[in-house]
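Student: Could you take me closely through one part of this model, the buried interior, and then connect it to the metal site, the charged pairs and the sheet? I would like the cut-offs stated as you go.

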Amino acid sequence: MHRRQFLGTLAAVSVFPHDGFGQTSTSRLVAGVHRQQVLPAGYPGTEMWSFDAAFPGTALRARQGDRLAVTVENQLPQATSVHWHGLRLENRMDGVPGLTQAPIAKGASFDYNFALPDAGTYWYHSHAKSMEQIERGLYGPLIINEIDPPDVDQDITLMIDDIRLEQDGSFAAFDNFHDLSHAGRIGNLWLANGQIDPAYPLKRGERVRVRLINAANARVFTLGLQGFDGWVVALDGMPLNEPQTLPEELVLAPAQRIDLIVDVTTDDEEAFLITFERDGGYAIAHFPVSGPSKAARSEKVILPPNPDFPIDLANARTATLLIDGGAMGGMRAARVDGQELGARELAGRGLFWALNGVAGRPETPLLDLSLGESARIGMANNTAFPHGMHLHGMHFSEVLADGSLGPLRDTILLNPQETRKIAFQAHNPGDWLFHCHMLAHHQAGMGSWIRVSA
Ligand code: C2O
Ligand code: CU
């Protein structure tokens, strides 16, 4: 059967097949403590919290249409949970303590098991005390292969991060009020796959799939891929209908992903992944290039679409999300558990941000939707800082200025004072978190949720 017909059938018949139509890939992830040399040689090593004693954790790979079964064993000094970022999975497998499951206590384990309706680039990470647990290393790549994957010579995943270490290799203290009330925890070290400027050798003319994942606590990366020609083929796991020519700058907010299919076209000895900072560009990974020069392949790649859940904008339920707070923002008060608190009392509880005047997860959802209904949320960032808003369980499209729908995403960046609209079809039942992925902001109040009732 042709691939497109096959996917069409999958979407029409069963979106989340209950007993998978394919195989189940089984894994075990042990969350624990290990030491790794993160700072340059000569400096002390770092005590990380990680999955399978590796930072980043083991890359989980499975095939679209299959199921993934992962037993997470907690050997950390505190409770944890695992969220499968971007997967449109069953709600009780979403990994949010207090909303979809109880935290996995120290010494306990939890069996995750879910269907994989979508191909693409995702990641898994702790969703408990995430500002600290993700920073300490509790994350890894989650790659769902297409049933018929594109023809490439190499497939390279780069998890980009910035962490804040002291000279002695230890993590700088957590929970400082400056991080909570400003941009979040910005690091002092750029890492790709847990290393400073790692090397990935390539040959001229090779076609490479590059999967960029921003695993940082709060840093919005502006990246440049130099020495290649090609296309952006997917955002946040979801294939673009129309691949976009590789731009000079790729903006990647925390938790976002970009898939690229590029050809090695440079005649130089090296190609680079650059992070553009205020004072210039720095290599965050490099690619030693060898072999005779070759013309780029010209055929562009369009990835097969994932199941589609069309949005009915005309009949969409609407909600507004006002984002307030932070330093220089002038938030005077907010409600916490139904009680109005002043800025000073909020700060005393480590709360600095509010969504629609509520700090912390509200008792009632932002939207209570029926399965299949469409929704539109207008968001206004009334603060002096950028925020990357992430919806669990369903992807959304931005409603663009001309009323058309942008590409599907699960995380959208709102720069200071920006307003944006998103829309989605409530196709996945359950209680879904909707929060800022600047992890300090989430901890300090920026989290709401949406209910989809079957
Ligand atoms: Cu990447 Cu609520 O998570
Ligand atoms: Cu934020």
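This is a predicted model: local features need pLDDT of at least 70, side-chain atom pairs count only at pLDDT 80 or more; totals for chains, interfaces and linings use all residues.

Tutor: Residues are numbered from 1 along each chain as its sequence is written, chains are lettered from A and ligands numbered from 1 in the order in which they are written, and side-chain values use heavy atoms, with hydrogens and water left out.

A nonpolar core is a set of buried Ala, Val, Leu, Ile, Met, Phe, Trp, Tyr and Cys residues joined through side-chain atoms within 4.5 Å; buried means under 20% relative accessible area, exposed over 50%, and partly exposed in between, with a 1.4 Å probe and protein chains only.

Turning to the metal, the copper ion (ligand 2) is coordinated by H387 through ND1, C436 through SG and H441 through ND1, at 2.0 to 2.1 Å. Donors are N, O and S atoms within 2.8 Å of the metal (3.2 Å for Na, K and Ca), and water is not among the atoms, so sites may look incomplete. In sequence the donor residues follow the spacing H-x48-C-x4-H, and both C436 and H441 are buried.

C436 also falls in strand β31 (residues 430-436), as does D431, whose side chain meets that of R451 in a salt bridge at 2.8 Å, N to O. A salt bridge is a side-chain nitrogen of Lys or Arg within 4 Å of a carboxyl oxygen of Asp or Glu, and strands (E, at least two residues), like helices (H or I, at least four), are DSSP runs numbered from the N terminus. R451 lies in strand β32 (residues 447-453), 20 residues from D431; D431 counts as buried at 16% relative accessibility, whereas R451 is partly exposed at 30%.

The structure holds 25 salt bridges. One of them joins R257 to D410 at 2.8 Å, N to O, and this pair links distant parts of the chain, with R257 in strand β17 (residues 257-264) and D410 in the loop between β28 (405-409) and β29 (411-414), 153 residues apart. R257 is buried at 0% relative accessibility, and D410 is buried with a relative accessible area of 0%. E132 and R136 form another salt bridge, their closest N and O atoms being 2.8 Å apart; E132 is buried at 16%, and R136 counts as buried at 16%.

As for the sheet, 4 strands form an open sheet of mixed pairing in the order β2-β1-β4-β6, where two strands pair if DSSP finds at least two bridges between them. Because β2 (46-51) and β6 (109-115) stand at the edges with a single partner strand each, one side of each is left without a neighbour in the sheet. Strand β1 (residues 24-36) pairs with β2 in the antiparallel sense over 6 bridges, and R35 has E47 in β2 as its bridge partner.
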